[in-house]
Amino acid sequence: MMNRADTLLMNNPARARLQRAYEVPLLQRLGAAFGGCEVVEIGCGRGVGTQLMLERMGAAHVSALDLDPAMVDRARRRLSRFGARVDVQVGDACHLPLDDESVDAVVDFGIIHDVPAWREAVAEAVRVLRPGGQFVFEEVTRHALQRRSYRTFLEHPEHDRFSAEEFVTELERHGFDFPQPPVTRFFGDFVIGVAVKATPPTGPSRP
Ligand SMILES: C[S@@+](CC[C@H](N)C(=O)[O-])C[C@H]1O[C@@H](n2cnc3c(N)ncnc32)[C@H](O)[C@@H]1O
């Protein structure tokens, strides 16, 4: 659960503006494309990211999940006008209620650094993505989490956090490709990118 400072930082118009005016256009430049896609947003918070995927990025349907029932309530209120194009539920990024290879994109707007077993959340994204599907991320690195301001006001797991390079390496270990190199922002505090799940090679069939 987020503490009071986390909640204020996430649930305010400036955060929504940043997502709308900066993060989504940057992700689109890096190749994020959801036209007609089945998308999952892990850790959807109050649902601004999901709203942008439906309004601006052409997603056909978004499953939005968050561990915190209060955030799910907020997201449901925000997203109710999208009807059957969205469902919002309490759910854990490490145990997604989805079949293997059932979605076209998994979106992570700054949640995996909050997950103690963060590699499990990455592995779960790999499991549910179809080959060729996109893992779209904006993540907070160890560099940021070690800042005094973060440690004083915000609550995050401290053990085994990742650098930008370690996060990208973990994705590569699962066979993700990066059509465009991920970027870091704000002195390495954030790593942002679009990774594509490898498609198994189709060799000639044996007689
Ligand atoms: C830093 S907030 C980001 C919220 C939103 N994605 C945004 O960018 O505004 C992290 C969110 O992830 C949720 N969260 C943390 N651990 C989670 C987990 N294991 N599974 C799903 N959601 C989780 C929190 O409840 C919180 O809403």
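Predicted model: local features only at pLDDT ≥ 70, side-chain atom pairs only at ≥ 80, totals over all residues.
Local features are taken at pLDDT of at least 70 and side-chain atom pairs at pLDDT 80 or more, while totals for chains, interfaces and linings use all residues. Residues are numbered from 1 along each chain as its sequence is written, and side-chain values use heavy atoms, leaving out hydrogens and water.

Four of its five residues are buried, so β1 is largely enclosed by the rest of the structure. Buried means under 20% relative accessible area, exposed over 50%, and partly exposed in between, with a 1.4 Å probe and protein chains only. β1 pairs with strand β2 (residues 61-66) in the parallel sense over five bridges; pairing requires at least two DSSP bridges between the strands. Here E38 stands opposite H61. β1 also pairs with β4, in the parallel sense over four bridges, and V39 stands opposite A105 there.

Next comes helix α8, residues 164-173, where A164, F167, V168, E170 and L171 are buried. Seen down the axis, these buried residues fall within an arc of 155°, so they line one face of the helix; the arc is that of the directions from the helix axis to the C-beta atoms. E165 and R173, on the other side, are exposed. Just after α8, G175 takes a positive phi of about 90°.

Strand β5 (residues 129-140) is among the elements covering the buried residues of α8, and E138 lies in this strand. E138 is buried, with a relative accessible area of 5%. Its contacts (heavy atoms within 4.5 Å) include R15, E23 and D108, not counting residues up to four places away in sequence.

Notes
Helix = DSSP H or I, 4+ residues; strand = E, 2+ residues; numbered from the N terminus.
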